[in-house]
Amino acid sequence: MKAARKVFGVPLPACWLAPRTALPAAVLVVLGLVPVYAAATGDPFALTLFGRIEILAMAAVSLNLIMGYGGMASFGHAVYLGIGGYAVGILWKEGVASGFVQWPVAVAVSALFALVVGALSLRTRGVYFIMITLAFAQMVYYVAQGLDRYGGDDGMTIGSRSSFAGLIDLNNATQLYYLCFALLLASLFLVSRLVNSRFGLVIQGTRSNERRMRAIGVSPFRYKLVCFVIAGALCGLAGALLADHTNFISPAMMYWTRSGDLMVMVILGGLGSLFGPVLGTVTYLLLEEALSRVTEYPGLFIGPALLLVAIFMHGGIEGLFGGRRRD
Amino acid sequence: MTEPLLQVAGLTKRFGGVVAADAIALDIAAGECHAVIGPNGAGKTTLVGLLAGEIAPQRGSIRFDGRDVTALAVHNRSQLGVARSFQITSLFAEFTALDNVALAVQAHAGHSFRFWTSARAEAALREPALQALETVGLAARADARVDKLSHGEQRQLEIAVALATKPRLVLLDEPMAGLGADESARMVALLRRLKGAITMLLIEHDMATVFALADRITVLVYGRVIASGNPTAVRADAAVREAYLGEQDARHG
């Protein structure tokens, strides 16, 4: 458990060679080298695929913060992908092309929405919490469907990517890819600091035993709410990035099945382990990609595979490599 | 005469038709070890729940340190200095023993909206926590996860967590529950050491323990106080003998 805490914490070198850090390290190195592979083979598809994986991994990391560490199983987390994406798309449509405006708006609106949803849902638990988060997400989905000016049900192509005043050019596929990569790393670093801070221990303690948390003198609600808002904001940023990555927004970004996908990625990788969501996302999306090339019904194979994970692998993929759940 | 630390008056709680607390009156002076005894179903754990703030009474009042706390939530009472141990061990199972205690220290060291530095690296949290573990004799197991501790060690940890909040009153709900003879003896020795320094309300089944530790004893039967006083007086009380001790004596002898 000690080694786990240090994976992305400060004393990293001390446990650098442990088997459980080797896998995340290998995955990160591979992700970092994708542009090299793409350049060598002249295959830009790899950049697109892995850039997308990194963005969704970021969303999964944010979901893991509330679901894995905080025990808050939000079933509407994709709504923040949608909110972030629509913030970018709507602002572009209205003539605001600067990423310095688009992205902060995406994050701020996501955070605000999370504040409202959290304030109403976090007083409930279990099935009720899941239903409320789902209901809010579906509400936004239907609102997006009704926004005819922004493509309605069909979605809208965004004419130009967010501009960052020459600082970084998102139209350059390699630069865009490394931005996704850097933001994923930053998200992991952020979560690693959060979960080991005083705040993070309250969040994890509350998940573990809320009654005991109250008995030692802490009212968990405000902490859970702040955690919920942080996760929403982080996922909103992923949404903005996703819109820039695909040049496209549509209500499908936040359909409830997308929320389900995010949950699956987190659980597949290992609930409440720092790097688990990344492993889960990489595995899930690559599996989906590979299967879609050989069959018309990838779900037919992914479904049973998930079932096996749920039944036999409680720690997810991360757990297979000596990790422990929810450290 | 100084005011008692805890003053309970007319405390009443009904669950449906069952009266779990029937106009309970109880005073505990600072520094006192006050035992509450009574047969199963007497309402002892309900009383702890009422005092800790987990259960809201229908009637009556609780004053702590001269302040009416009847309507205060659990966490607010903890901040005022009311700590408790649970009858059925209730800890952060995935955390280490030290983490459990350090979190209790943290809970009483200002708000926890600190997002960046590692709480496990804060000496201000770890050192008092380690001290509390030493007090209960668990320092050697500081880094063991709670679910790897024996039942007896978990009971000790319950006490350490309560102590770490620097309580003025500790509600001990059957701290000896499920302990073997040796472990029980160690727990009694621990409570004896804490006696005087910390005000205690002790719920306990074992008569030998109660008479060894308590300064005063309150006897509950069906949610009602049938006797309260020093051990000698309670032992001699006719109603107590009939309702409770007699039954024990008969069983033991």
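Q: At what angle do helix H5 and helix H10 of chain A pack?
A: In this predicted model, helix H5 of chain A spans residues 99–121 and helix H10 of chain A spans residues 221–246. Their axes lie 7 Å apart. The packing angle is about 145°.

Q: What is the handedness of the crossing of H5(A) and H10(A), and how many charged residues does the contact have?
A: H5(A) passes H10(A) in a right-handed crossing. Residues that make the contact include Trp103(A), Ala106(A), Ser110(A), Phe113(A) and Gly118(A) of H5(A), with Phe228(A), Gly232(A), Cys235(A) and Gly236(A) among those of H10(A). By class, the contact has 16 nonpolar and 6 polar residues, and the number of charged residues is none.

Q: How closely do the axes of helix H4 and helix H6 of chain A approach each other?
A: Helix H4 of chain A covers residues 78–93, and helix H6 of chain A covers residues 127–146. Their axes cross at roughly 35°, and the crossing is left-handed. The axes come within 9 Å.

Q: Which residues of H6(A) make the contact with H4(A)?
A: The residues of this contact divide into 9 nonpolar, 1 polar and no charged. H4(A) contributes Ala78(A), Val79(A), Gly82(A), Ile83(A) and Tyr86(A). From H6(A) come Phe136(A), Ala137(A), Val140(A), Tyr141(A) and Ala144(A).

Q: Which helix supplies the largest share of the side of chain A that touches chain B?
A: Between the chains, 23 residues of chain A are in contact with 30 residues of chain B. Helices H7 (173–196), H8 (198–208) and H9 (210–215) of chain A each supply at least two residues of the side that touches chain B. By class, that side has 9 nonpolar, 8 polar and 6 charged residues. The largest share, 6 residues, comes from H8(A).

Q: Which residues of chain A are in contact with Phe95(B)?
A: The C-alpha atom of Phe95(B) is separated by 5.5 Å from that of Arg145(B), 50 residues apart along the chain. Leaving aside neighbours within four places in sequence, Phe95(B) is in contact with Asn100(B) and Val146(B) in chain B. In chain A, its contacts are Gly205(A) and Ser208(A).

Q: Which strands are the edge strands of the open sheet of 6 strands in chain B?
A: The order of this sheet is S6-S7-S8-S3-S9-S10, with mixed pairing. Neighbouring strands are turned by 15° against each other on average, direction ignored. An edge strand pairs on one side only, and the two are S6 (82–85) and S10 (224–229) of chain B.

Q: What is the bridge partner of His34(B) in S9(B)?
A: Strand S3 of chain B, residues 33–37, runs parallel to strand S9 of chain B, residues 216–221. The two are joined by 4 bridges. The partner of His34(B) in S9(B) is Arg216(B).

Q: What angle does the direction of helix H5 of chain B make with that of S6(B)?
A: Helix H1 of chain B (residues 44–52) packs on the sheet, touching S3, S6, S7, S8 and S9 of chain B, and its direction makes about 150° with that of S7(B). Helix H5 of chain B (residues 151–164) also packs on the sheet, where it touches S6 and S7 of chain B. Its direction makes an angle with that of S6(B) of about 175°.

Q: Against which helices do the buried residues of H4(B) pack?
A: Helix H4 of chain B (residues 123–135) has 13 residues and reaches 18 Å from its first C-alpha to its last, close to the 18 Å expected. Its buried residues are Leu125(B), Pro128(B), Ala129(B), Leu130(B), Ala132(B) and Leu133(B). After the helix comes Gly137(B), with a positive phi near 80°. The buried residues pack against H3 (97–107) and H5 of chain B.

Q: Which residue takes a positive phi in the hairpin of S1(B) and S2(B)?
A: S1(B) and S2(B) (residues 18–28) pair in the antiparallel sense over 7 bridges, and Val8(B) has Leu26(B) as its bridge partner in S2(B). S1(B) (residues 6–15) is also joined by 5 bridges to the antiparallel strand S4 (residues 59–64) of chain B, where the partner of Thr12(B) is Arg59(B). The hairpin has 2 residues between the strands, and the positive phi, near 60°, belongs to Gly16(B).

Key: Residues numbered from 1 in each chain as written. Chains lettered and ligands numbered in written order. Predicted model: local features only at pLDDT ≥ 70, side-chain atom pairs only at ≥ 80, totals over all residues. Axes fitted to C-alpha atoms, helices over the stretch in contact; angles between N-to-C directions. Left-handed = near helix turned anticlockwise from the far one by under 90°. Contact = placed C-beta atoms within 7 Å. Nonpolar A, V, L, I, M, F, W, Y, C, P; charged D, E, K, R; others polar. Pairing = 2+ DSSP bridges. Expected span 1.5 Å × (residues − 1). Buried ≥ 20, exposed ≤ 12 C-beta atoms within 10 Å, placed from the backbone.
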